[in-house]
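This report is written for a reader who meets the structure for the first time. It takes up the fold of one chain, the interface between chains, and selected side-chain pairs.

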Amino acid sequence: MPKLSLSEHTSQQFEQELEDIRNKVLTMGGLVEQQVADGLKALIESDGALGQTVATSDYKVNQLEVEIDEACTEIIALRQPAASDLRIIMAMIKTITDLERIGDEAEKLGNFAVELASVDRAPGYFVKLKHLGEQVRESLRGCLDALARQDTEQAMQVAMSDQMVNTEFEALMRQLITFMMEDPRSIRRVLQVMWCARALERIGDHTKNVCEYIIFMVKGKDIRHISLNEVEQVISSS
Amino acid sequence: MLKAWNEEKLWLLGFLTVGFIAGMVTDHWKLGFLGALMAYVVWHAWHFVRLLEWLRLGAAPHKAPDLPGAWESVVGYVYGVQRRNQQRKGRLRSALDRFKQVAVALPDGTVVLSGNHEIDWANQVAESLLGIKYPQDVGRRIDNLIRNPAFHAYLKKGRYEEPLDIPSPTQDHIEINIRIIPFGDGEYLLTARDISSFVRVQAMRRDFVANVSHELRTPLTVMAGYLESLLEEKDLDQEFRRVLESIEQQTSRMLHIVRDLLELSRLESDPNQLPEHEVRIPALLEAVQGEVAHLVRESGHQLEADIDHGLLLKGGEKELHSLVSNLVHNAIRHTPSGTRISIKWRLDRLNRPVFRVDDNGRGIEKEHIPRLTERFYRVDPGRSRDAGGSGLGLAIVKHIMQRHGGSLEIESTPGAGAGFICVFPARRAVIVSSKAS
């Protein structure tokens, strides 16, 4: 996968600005990855203090989004980029929106952990989230690696694996429903687990979006809203 | 080279001779010589072309043309230069190969970074520990691939004397220790070592101490309880009472040791959670004085205090109580009757809050001072064990000072007394008007 040539535009400074934006986006990605990891850990280990940290750290993610957004807008206004450069900027703007949403979902996880820790420990319900959580984290990591490497193949793989996340989510839902049917007293707590599972599933969806932006950015092909089989054809044809 | 020129001279002579003969034969001397010289030039031009062709095709040593005269030296020199270059390349290549073998054999992940933190080279272990692929990732910034915010902050700081511990980006359960070493011309060497087993051993050690202490506390408490009620009996045989009191004393000491072990292990295992409340030290000091009042009376010590009532401290209340208590009890326990113990709580010249306990007792020899804060260290085992105490007090004080970002200093003049000084960082000082505290 050849590096997107950033040398097509004239100014060295412009190239530096694009590079800066990419670095900032990946920094934001790293922050979000940490938030998701901590949020999950706080839930599974019933760690209220960690959950609190996650909840109160979300402002950093939002701050970065605003910063990067402004930088991108400035570039569009001052440099009027075209073709591949414009695609890069557009993809970055969309990526940070999805990353910020992922941050919000992680904040939710943190808040649930705080609530959970202040009550008696839920007997192992939240541990069920572990597997789903691991899958989501791996997807997010793969997606950001693909962004760093401009690797459309990896982006494709991650986008396709979101299907697995959805399947896992549905299986978890079925399991949780049987818990609720068996013991109505557990409904409240199981519902909380469900909200958390939902948050994780949403993170998976946002990750898939970012993968689509990566492919758009590198290949110039818009693959949103078309089925994944067609996507493979589209990619291999370029 | 001389040989080449001699040969050249012979060739020139040969051409001129032919010219001479041609002139003699045809009687056109001028034409004869001119023809000979032109032939000489063309002959040289032909060799020139052959040389150029050889050079153009890369001057392969085995294809060197066989040229006469001075041209031979040219070919010879070019050939010599070529061979030296080949040899040098060979040496470089084998040095590089050896380095690569060494690097692959290193059990640590190793990455070479440029001044901009771009990846120049990485070994295989780096791929499994850090997820960095060589050669695909050459030129990428390392903080794009290792996105841990702690790592980013560490890179940005630019000062790498302390290593960094983070979980591996590729495998969560592995903890890695990262060092960055600048070298050469603005480049960096990054090494990543798997310290998971080390971390596990540390955790096991701490858990062991805590568990053992917990387990011991229960039976000891039972013993102490029964002893207390036995001793309350009015009609006890003198000898029997003495025996029971001795047992009670020892049990109490064991409990004390266990309690201190637990406290120490707790202090060691949560390094980041120091509460930052405003602790009313003056009130705390007065409370401790009250606690030891009867001890002091019994032992015949004199206790005096010089307290700045307007000075409070940001920190952990329980820990600070433990600190004061330990130091005061130590002073009472390890000095003879009649010793004067003075407690001081003031800001020093650099506006740092200082708490000190001084006594005019026996003092401590210089060689013992650095070891005093070791666990269970006794200056004079026979004497001080009888006096009681767990042997852990100073270790606890030292830990508490570390957690508050301060330090413990010990001064002593043998025969004249000793001083234990706790210096807190200036930022922890809270000044209020004396009336308010």
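Chain B contains 12 helices and 13 strands; helices (H or I, at least four residues) and strands (E, at least two) are DSSP runs, numbered from the N terminus. This is a predicted model, in which local features need pLDDT of at least 70 and side-chain atom pairs count only at pLDDT 80 or more, while totals for chains, interfaces and linings use all residues. Residues are numbered from 1 along each chain as its sequence is written, chains are lettered from A and ligands numbered from 1 in the order in which they are written, and side-chain values use heavy atoms, with hydrogens and water left out.

**Chain B as a whole**

Chain B has 437 residues, of which 38% count as buried. Buried means under 20% relative accessible area, exposed means over 50%, and partly exposed lies in between (1.4 Å probe, protein chains only). Among the contacts in chain B with a separation of 6 or more, 59% join residues 24 or more positions apart; a contact means heavy atoms within 4.5 Å.

**The interface between chains A and B**

At the interface, 16 residues of chain A are in contact with 16 residues of chain B. The two chains, A and B, bury about 1,400 Å² between them, and 37% of this area is on carbon and sulfur atoms. Buried area is the accessible area (1.4 Å probe) that two parts lose on being put together, summed over both.

Between chain A and chain B there are 11 residue pairs in polar contact, both residues being at pLDDT 80 or more. On the side of chain A that touches chain B, helix 1 (12-44) and helix 5 (129-149) of chain A each supply at least two residues. Helix 1 of chain A gives the most to this side, with nine residues. As for the term used above, a polar contact is a pair of N or O atoms within 3.5 Å; within protein, one must be able to donate a hydrogen and the other to accept it, and residues adjacent in sequence count only if both atoms are side-chain atoms.

**Salt bridges**

The whole structure holds 23 salt bridges over all chains, and four salt bridges are counted between chain A and chain B. A salt bridge is a side-chain nitrogen of Lys or Arg within 4 Å of a carboxyl oxygen of Asp or Glu. Several examples are listed below.

| B:Asp172 | A:Arg137 | 2.5 Å |

B:Glu411 is partly exposed at 42% relative accessible area, and B:Arg356 is partly exposed at 22%.

**Aromatic rings**

Over all chains, 11 aromatic pairs are found. One of them is the tilted pair of B:Tyr154 and B:Tyr160, at 5.4 Å centre to centre and with 55° between the planes. Rings of Phe, Tyr and Trp (its six-membered ring) pair if their centres lie within 6.5 Å; planes under 30 degrees apart count as stacked, over 60 as edge-to-face and the rest as tilted. B:Tyr154 is buried, with a relative accessible area of 6%, and B:Tyr160 is buried at 11%.

The ring centres of B:Trp345 and B:Phe424 are 6.5 Å apart and the planes stand at 80°, so this pair is edge-to-face. B:Trp345 lies in strand 9 (residues 340-347) of chain B, and B:Phe424 in the loop between strand 12 (417-423) and strand 13 (429-431), so the pair ties together parts that are 79 residues apart in sequence. B:Trp345 is buried at 1% relative accessibility, as is B:Phe424 at 2%.

Elsewhere in chain B, one aromatic cluster is formed by B:Trp11, B:Phe15, B:Tyr40 and B:Trp43.
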